[in-house]
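Visitor: Could you take me through the pockets here, and then how the helices pack?

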Amino acid sequence: MREIAFTPERSQYVYTFGGAEPAMRIKPGTAMRLWSEDAFNFALTSVDHLPSQHIDIRYVNPQTGPFYVDGAEPGDTLALHIVDLTPARSFGASSTIPFFGGLTGTDRTALLQDALPEATWIYEVDTARQTVGFQARFGDFEVSLPLEPMLGTVGLAPGASEVRTSLVPERFGGNMDTPEMKIGTTAYLGVNVEGALFSIGDGHYRQGEGEACGTAVEGAMNSVIIVELIKGSAPLWPRLENDDYWMVVGSSRPMEDSWRIAQLDMVTWFTEMFGLHAMDAYQLLTQTSLAPIANAVDANYSVVVKVAKSLMPGGVAYDGIHHELRQAARQLR
């Protein structure tokens, strides 16, 4: 397996999906060792740093990429398998940002109220114990939490010459902020433009479902990802697979439409995998699916619909490529 390492210079960060020239061309079957900056662009490094004074909104959520995949054409499926995610710094940062988050008024949910208190939390990474340390800013409470790295943003260039901010999740993936985008997951994304042009970023050292205050434990990340190409079979929305679940991510507003999107595409996926009539798949999913909220704070909200493989023995997605990628990953970690 060919391997490529890439660490972007600051001038090479990309803040959109679409509209950017590729950082490099790669071939399917390549393992990539990538470094990505945190969502704050390394602006918050101390509890004394306030977002309103240190963050430049033009330069948040920097992406590493995009990468042109040889042979990828619209209608194909790009498979990205996450082999490893390792914090690239000894600390991560989280914050409350004025009029941003799930429990405050925003520019979309306009309320007659003052902003919630602005603050920054620094989480120290204990590599030996594989934990991140929470320290209260408004009291004396402390607790160590398990390190659970994930990528908040994985996406392709959208179609129709669109250029979308790296803060938004959509059909092309993007800022989905699902904790399911972790080690051992294969993401299936529909290709919209020649070369696919995929990017990653927004590393989280851990995050609860929903990302309630709007920021996870944000941190620079070292990622190892295997890139594969499946000709044809492009899913309409991002599909994920790990050893235990099949998943679809829907992103929209209101949140119930995000759930509907993911539910409908899972119906479609079950008709493909099991040869079911759509109404039978609909009935079966009603009794088996889970629907965790990925994020309730982004420009679109993201909901994951997932089904345990143990409930549906014999199901194989995309000719078993996830299993093949898991086998290949063992050569790299």
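Guide: One convention before we start: Ala, Val, Leu, Ile, Met, Phe, Trp, Tyr, Cys and Pro count as nonpolar, Asp, Glu, Lys and Arg as charged, and the others, Gly among them, as polar. Please also keep in mind that this is a predicted model.

Visitor: Fine. What classes of residue are in the lining of the second largest pocket?

Guide: The lining of the second largest pocket is made up of 8 nonpolar, 5 polar and 3 charged residues, and the pocket itself holds about 280 Å³ of space. Of the 16 residues that line it, Ser94, Tyr123, Cys213, Thr215 and Ala216 are the closest to its centre.

Visitor: Switching to helices, at what angle do α2 and α3 pack?

Guide: Helix α2 (residues 255-274) and helix α3 (residues 278-288) pack at an angle of about 120 degrees, their axes being 9 Å apart, and α2 and α3 are therefore oblique to each other. The crossing in which α2 passes α3 is right-handed.

Visitor: Which residues make the contact?

Guide: From α2 they are Gln263, Met266, Val267, Phe270 and Thr271, while α3 brings Ala278, Ala281, Tyr282, Leu284, Leu285 and Thr286. By class, this contact of α2 with α3 has 8 nonpolar and 3 polar residues, with no charged residues.

Definitions and conventions
Residues are numbered from 1 along each chain as its sequence is written. This is a predicted model: local features need pLDDT of at least 70, side-chain atom pairs count only at pLDDT 80 or more; totals for chains, interfaces and linings use all residues. Side-chain values use heavy atoms; hydrogens and water are left out. On a 1 Å grid over the protein atoms alone, a cavity is a set of points where a 1.4 Å probe fits but cannot get out, and a pocket is an open set with protein on both sides within 12 Å along at least five of seven lines; lining residues have an atom within 4 Å of a point. Grid points are joined across faces, edges and corners, and a volume is the space filled by probe spheres set on the points. Axes are lines fitted to C-alpha atoms, for helices over the stretch in contact, and angles run from 0 to 180 degrees between N-to-C directions. Helices (H or I, at least four residues) and strands (E, at least two) are DSSP runs, numbered from the N terminus. Angles under 35 degrees count as roughly parallel, over 145 as roughly antiparallel, 65 to 115 as roughly perpendicular and the rest as oblique. A crossing is left-handed if the near helix is turned anticlockwise from the far one by less than a right angle, and right-handed if clockwise. Contact means heavy atoms within 4.5 Å.
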